[in-house]
Amino acid sequence: MAKTIVEQLAGFTAAVTYDRLPAEVVVECKRILLDSLGCALGAVDQHKGRIGIEFGRMMGPGDATIIGTGERATVFGAAFANGELINALDFDAVLPPGHVTPFVLPPILAIAETGANSGPEVLAAIALAHELSFRFYKSMDYLRDRSPEGTLSFPPVLGYSNTVFGATAAVGKLGGFAPEVLAHALAIAASTSPVNSQRSWTEHAPSATIKYSLAGALTQAALTAAYLGKLGHRGDLPVLDDAEFGYRRFIGSRRWEPGQLLEGLGESWLFPAEQSFKPYPHCRILHAPLHALTEIVEQHDLRPGEIDAIRCWGEAAVMYPLWLSNVIEHTHDAQFSIAHGLAVGAHRVTPSKAWHDPQLVFGRSVLDLMDKVTFAAHPDYLQALAAHPSARPARVEVDARGTTFVAERHFPKGSPTPDPTTRATDDELIAKFRINATGVLSEARMDDVVAAVFELESVADFATVMRDVVAVAPWSAV
């Protein structure tokens with residue numbers, strides 16, 4: 001009898017080892033890890049981060065580190081807290097279908113720390129989780145899908161719940177599960193994954209602060225699925241093969257192309273080609289415009305009070321209340337409002353958690369400038385997207401001093417594209433990590449973390465890395 005899709009994915013999971021990873025995959029996994037640890041460190045005093053920490057603590061003490069606090073919780077508690085911390089600033093790495101890392105990395109951190117897994121084992125798990133998540137994106141509906149006629153086709157159901165497979169596979173891999181156990185774990189993950197709630201979230205403003213999906217909840221769904229498989233539960237093995245009644249129907253996807261899951265699996269690693277890093281703590285859709293705006297205000301030394309108008313043309317896929325709203329009731333709202341984001345960008349504040357400082361977010365200067373911002377879809381958006389998946393054409397015009405200043409971008413900074421200058425360099429990611437870790441880690445501890453991550457293949461016990469991402473001073477809840 002032919003193997004089901006989940007059985008084939010389980011076989012791939014069992015076969016993945018560090019020694020079989022291409023060099024570029026190893027490099028990208030290290031970069032993802034460093035960037036994510038920094039994002040979590042920068043969020044320990046943020047609203048979403050604090051709630052994640054408090055909820056993680058409610059699950060009791062354990063041996064898994066909650067990043068930036070010095071506290072240890074259960075594996076479930078730490079994974080929940082760290083998922084929320086990584087995602088809190090919206091500064092985390094992005095990979096289609098979206099924010100993969102905060103959903104798949106936290107269970108890896110918790111399991112590897114408590115299970116004394118090695119650095120090479122962690123790298124293999126990170127690669128596995130991101131590769132499977134990316135392949136599910138290629139098989140299902142996506143934010144930037146186009147119709148056969150070439151128009152935007154925004155799906156009626158949208159979200160990142162399919163990252164549960166990558167997270168579950170990574171947990172099973174670190175736990176040394178046999179292929180047959182992995183298959184049942186993956187099938188259970190399909191039947192217990194969270195709903196895809198992103199489309200509702202985009203339609204309503206002000207938006208829910210749990211965001212597009214709750215990172216902490218998905219990490220726990222993955223842990224549950226993995227360990228229920230290990231403890232002996234039987235999963236619905238044909239769940240990915242059944243397009244009519246299986247997972248595709250659960251998750252509301254109009255498109256289901258399971259061949260994308262399996263083609264070249266184990267031979268071709270696809271995710272590094274679209275793995276991006278965020279230079280701004282704001283929704284990724286605004287990064288090309290922010291880069292263009294930064295060029296204008298820095299090159300001409302413009303002050304916010306000198307600006308009479310900001311006109312922006314950017315992503316056509318975001319003409320929805322979430323992004324177009326000028327209602328800023330919570331610092332969370334500042335992460336997605338296009339007008340507010342451009343107003344903050346014009347203030348030339350170093351991209352960091354400072355962008356979410358209430359004094360800046362609700363400051364009169366930012367709010368007044370926000371009312372001078374207009375946004376429309378870039379006329380070349382669909383044509384550019386069809387030519388390259390990372391294309392995000394943007395044009396920004398700034399009226400100031402009786403002159404109109406103009407800057408344009410085709411690709412956003414932080415993405416691998418045909419333009420080599422857009423890829424985030426190691427030095428840029430290290431600098432970003434240090435900015436995020438400031439006030440939480442000492443300079444010496446930052447050095448230790450950077451060195452350990454970039455030499456992770458030499459780390460015998462991953463717990464030594466996690467024990468370095470704790471606060472200099474005792475963390476306390478408020």
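In what follows, two residues are in contact when heavy atoms of theirs lie within 4.5 Å. The model is predicted. It contains 4 cavities of 30 Å³ or more, and its largest nonpolar core has 155 residues.

**Residue His99**

- His99 is placed in the loop between helix H4 (75-88) and H5.
- Is His99 buried or exposed? With a relative accessible area of 5%, His99 is buried, because buried means under 20%.
- Not counting residues up to four places away in sequence, His99 touches Asn87, Asp90, Asp92, Ala93, Val94, Tyr160, Tyr212 and Lys278.
- From C-alpha to C-alpha, 25 Å separates His99 from Ala183, and the two are 84 residues apart in sequence.

**Residue Thr101**

- Thr101 belongs to helix H5 and counts as buried, at 1% relative accessibility.
- Its contacts, leaving aside neighbours within four places in sequence, are with Ile32, Ser36, Ala93, Pro106 and His130.

**Cavities**

- The largest cavity holds about 370 Å³ of space.
- Its lining consists of 28 residues, and Val94, Gly98, Tyr142, Arg144 and Arg284 are those that lie nearest its centre.
- By class, the lining of the largest cavity comprises 16 nonpolar, 6 polar and 6 charged residues.
- Helix H9 (198-203) and helix H14 (321-324) each contribute at least two residues to the lining of the largest cavity.
- The second largest cavity has about 100 Å³ of volume.
- Residues lining the second largest cavity include Gln46, His47, Lys48, Thr209, Lys211, His330, His332 and His356.
- The lining of the second largest cavity divides into 2 nonpolar, 8 polar and 2 charged residues.

**Helix H7**

- The 12 residues of H7 reach 17 Å from the first C-alpha to the last, close to the 16 Å expected at 1.5 Å a residue.
- H7 is mostly covered, with 11 of its 12 residues buried.
- Among the buried residues of H7 are Thr163, Val164, Phe165, Gly166 and Leu174.
- The buried residues of H7 pack against H1, helix H5 (101-114), helix H6 (119-139), H8, H10 and H11.

**Helix H8**

- Helix H8 (residues 179-192) has 14 residues and should span 20 Å at 1.5 Å a residue, which agrees with the 20 Å between its end C-alpha atoms.
- Buried residues in H8 include Leu182, Ala183, His184, Leu186 and Ile188.
- The cover over the buried residues of H8 includes helix H1 (5-15), helix H7 (163-174), helix H10 (215-231) and helix H11 (247-250).

**Nonpolar core**

- Within the largest nonpolar core, Leu240, Ile310 and Phe433 have the most contacts.
- H6 gives the most to this core, with 12 residues.
- Which residues does Leu240 touch, not counting residues up to four places away in sequence? Leu240 touches Ile5, Val6, Leu9, Phe136, Phe165, Tyr247 and Trp256.
- Phe165, touched by Leu240, is one of the buried residues of H7.

Notes
Residues numbered from 1 in each chain as written. Predicted model: local features only at pLDDT ≥ 70, side-chain atom pairs only at ≥ 80, totals over all residues. Heavy atoms only, no water. 1 Å grid on protein atoms, 1.4 Å probe; cavity = no way out; pocket = protein on both sides within 12 Å on 5 of 7 lines; lining within 4 Å. Points joined across faces, edges and corners; volume = space filled by probe spheres on them. Helix = DSSP H or I, 4+ residues; strand = E, 2+ residues; numbered from the N terminus. Nonpolar A, V, L, I, M, F, W, Y, C, P; charged D, E, K, R; others polar. Expected span 1.5 Å × (residues − 1). Buried < 20%, exposed > 50% of the residue type's maximum accessible area, 1.4 Å probe, protein only. Core = buried A, V, L, I, M, F, W, Y, C linked by side-chain atoms within 4.5 Å.
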